[in-house]
Amino acid sequence: MKRNPITITIGLLLLFIFGLLLIFFQVRTTEVAMVTTFGKPTRPVTEPGAYVKWPWPIQQVYKFDKRIQNFESKFEQVFTADGHSLLIKVYAGWNIAQPQVFFPKFGDSVVRLEEALSGLARSAYSGVVGTHPFSDFISTDEKQLKFEQIEQEVLQRIQKDVQANGYGVEVKFVGIKRIGLPESVTKLVFERMQAERQLQVRQIESAGQREASDIRSAANLASANVLSEADAQATQIRGEGDRLAAASLQVFEQEPELGKFLMQLRALEDFLKERTTLILDTQTFPLNLLNGGPSTAPTAPKISSNTTNE
Amino acid sequence: MSNGIDLLEPRRKATPPSAPTPPEPTEDAGSQALSEALRSSFVIVKIVLVIMVLVFLGSGFFVVQPQEKAVILRLGKPLGKGDNVLLEPGAHWSFPYPIDEVVRIPVGQVQTIQSTVGWYRTTAAMEATGVLPPAPESLNPAQEGYVLTADGNIIHVKGELRYRIAEPGLDYEFAFVNASNAVWNAFNNALIYGSATYTAHDALSRDVSGFKERVRLHLERAIATQKLGIVVDQINLDATAPLKLRAAFAAVSEAEARRGKTLLDARSAANQTLNQAQSDAVIRIATGESDKTRMVQFVAGESNRFTSLLPEYRKNPELFRNMRRLEAFQKIFTNAQVEKFMVPTREGNPREIRIQLNREPEKLKTLEPPKAEGH
């Protein structure tokens, strides 16, 4: 009889565990559950943890994933307020929030709910898009753009409809996944784009030329300014030189005749340094000697032109 | 008999120093053997039990790898509160399944998703070899992906998003059936949104980084509002013009490049002009300076000469003048290269003498007839 206590203990333990498994059930943090009593939903469980129930067949537990599921609509044509046709596809995140509402309607079928949701979504986005002009979908100015507002309106509309229909689910967010145009329209867009590019090329080229000539003329103006300033400065400097020279010229006042004579001499010498043709008549000193005439005081030679600078 | 027993249980004979019943070996030999066998098998069972308990306890050990964190769900609920929820890398222990569940969260790992909703139809092989598919005349929405830009153009955009799960990562792990799918949709949405706010030209060439930033900001907003629980590491975008319009877009880029070149040329020409003007200005000022110096020196020289000659002149002005004049003539004629020297032939009708000073163009040599010189 030594082994009896051990055997009994083990047996009781196994029985205990088995019993626990029968009456306990666990709800994971990602789940909600619905307890049914004889097939009738009686108790929703939305918090995770361990719970007690009557063993089967009295009570039964249905568990649902309460995590956010992804829903995507078809990519289909809708009309904007100003009559453009647009292809749009939206996605939504939804989850089962109230199992007691969800269960009687859909049982544990997510597929059936998605079918229902798809109908609601279609009416929501076609309705919302119909109240907005095409320009609300695209704009360089984020304040003008109604993109997010449209998403928000679609979300609110779906939420309202889901609420009204009592699906027991919650739609968390809605976003636009694709926007497109009907195929025939894309061809027209291509043609327009082509024309736009050609216009752009011309604009860019003419703008470039204009800017380049602006740059050049600005530089010309600036250099003209620089040069005229320099000229003014040089003139001023020369004037200063003249002023300084004038001071020295006062010396000549002692004998103006001599000054004049010396200046003439200097001028003559300087002048004849250049390549010059002299035409002299024989009366001119000292050539008048050739005539045998009197060697009187020389007269100034005539100096004719033909001063050449190469 | 005893031999037979000995043969049956050779071990027992050696082992039992305290064997209690030597007087009745014949009667209890069989039952004794049975009880011995049972006893030894119970020992084995006990050992197995102990091992099983050890294995049971040991199975609760698990290792969290360096690039992940873990959460223990006890009876379905995360164990711990706040920051304590996350188990750091290392060895940990939990109860086995029905009580505890270990969920590993790859917090540090970079995950990558691709968005191709806006990309043209192509195949992996074509992508790899860089071959472009034939350019369609129009885009069939069922096959071709594209996005609309702010100026109503169509362009193709694809993107790659690298992200990490933000700590504690419970949302990413427990709030979504397929979190990466939700991230993917948010990324697609951001691409559509970004394109809708950028003109084709800006998105493709003029402001590529701004376009990327716009996409990133919108994605961040979606991450916040949808509680995706991720951190964006990097976004790579690739945008291109529709295949049919590539040449047209390239022409615009070329025009811009040409414009850049024109502007560059103009700037360098302008620079040159300005530099030239500045150096000219320096020269002009320097010329002015040298003119000034020359003028001052010349006058100074002349006045010196005047001062030194003045006494001599005052002695006899007439003689002085003649002497100086002669000196000058002498200087002129000796320096001169005389080419023609006309002597008068008739009295009273003086003819002219031509003297050429320095060198002269050759044509003058032909001026033989004296008449020509008269005028």
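Modeller: A salt bridge is called here when a side-chain nitrogen of Lys or Arg lies within 4 Å of a carboxyl oxygen of Asp or Glu. By that rule, ten salt bridges cross the interface of chain A and chain B. Keep in mind that this is a predicted model.

Biologist: What makes the pair Arg28(A) and Glu101(B) a salt bridge?

Modeller: The N to O distance between the two side chains is 2.9 Å. The limit is 4 Å, and the rule asks for Lys or Arg on one side and Asp or Glu on the other, so the pair qualifies.

Biologist: Which part of chain A gives the largest share of the side that touches chain B?

Modeller: Helix H5 of chain A, residues 183-249, does. It supplies 39 residues of that side. The whole side divides into 54 nonpolar, 27 polar and 30 charged residues.

Biologist: How many residue pairs are in polar contact across the interface?

Modeller: The rule finds 33, with both residues at pLDDT 80 or more.

Biologist: How many residues of each chain are in contact with the other chain?

Modeller: 111 residues of chain A are in contact with 122 residues of chain B.

Biologist: Why give an area as well?

Modeller: The size of an interface is often given as the accessible area lost when the parts come together. Between chain A and chain B, about 10400 Å² is buried. Carbon and sulfur atoms give 66% of that area.

Biologist: What does the predictor say about the complex?

Modeller: It gives an ipTM of 0.72 and a pTM of 0.69.

Biologist: Now the single chains. What is the mean pLDDT of chain A?

Modeller: It is 84, and 87% of the residues of chain A reach 70 or more. Over residues 297-310 of chain A, pLDDT stays under 50. The model has 33 contacts beyond four places in sequence for that stretch.

Biologist: And where does pLDDT stay under 50 in chain B?

Modeller: One stretch is residues 1-19, with five contacts beyond four places in sequence. Another is residues 362-375, with 15 such contacts. The mean pLDDT of chain B is 81, and 82% of its residues reach 70 or more.

Biologist: What does Thr149(B) touch beyond four places in sequence?

Modeller: The list includes Ile138(A), Ile155(B), Ser195(B) and Tyr198(B).

Biologist: What makes the link between Thr149(B) and Asp151(B) a polar contact?

Modeller: Their side chains make that contact at 2.5 Å.

Biologist: Why is Pro89(B) called partly exposed?

Modeller: The relative accessible area of Pro89(B) is 37%. Buried is under 20% and exposed is over 50%, so 37% falls in between. Pro89(B) lies in the loop between strand S3 (77-78) and strand S4 (90-93) of chain B.

Biologist: How far is the C-alpha atom of Pro89(B) from that of Pro66(B)?

Modeller: The separation is 5.1 Å, although the two are 23 residues apart along the chain. Pro66(B) is also among the contacts of Pro89(B), as are Val64(B) and Glu68(B).

Biologist: Why is Phe38(A) called exposed?

Modeller: Its relative accessible area is 65%. That is over 50%, so Phe38(A) counts as exposed. Phe38(A) is in the loop between strand S2 (31-37) and strand S3 (40-45) of chain A. Its phi is positive, near 50°, and it is not a glycine.

Biologist: How do you know that Lys227(B) is exposed?

Modeller: Lys227(B) has 55% relative accessibility. The cut-off is over 50%, so the label holds. Lys227(B) has a positive phi of about 50°, and it is not a glycine. Its loop runs between helix H8 (208-225) and strand S9 (230-240) of chain B.

Notes
Residues numbered from 1 in each chain as written. Chains lettered and ligands numbered in written order. Heavy atoms only, no water. pLDDT = per-residue confidence, 0-100. Contact = heavy atoms within 4.5 Å. Buried area = accessible area lost by both parts, 1.4 Å probe. Polar contact = N/O pair within 3.5 Å; in protein donor to acceptor, adjacent residues only side chain to side chain. Helix = DSSP H or I, 4+ residues; strand = E, 2+ residues; numbered from the N terminus. Nonpolar A, V, L, I, M, F, W, Y, C, P; charged D, E, K, R; others polar. Buried < 20%, exposed > 50% of the residue type's maximum accessible area, 1.4 Å probe, protein only.
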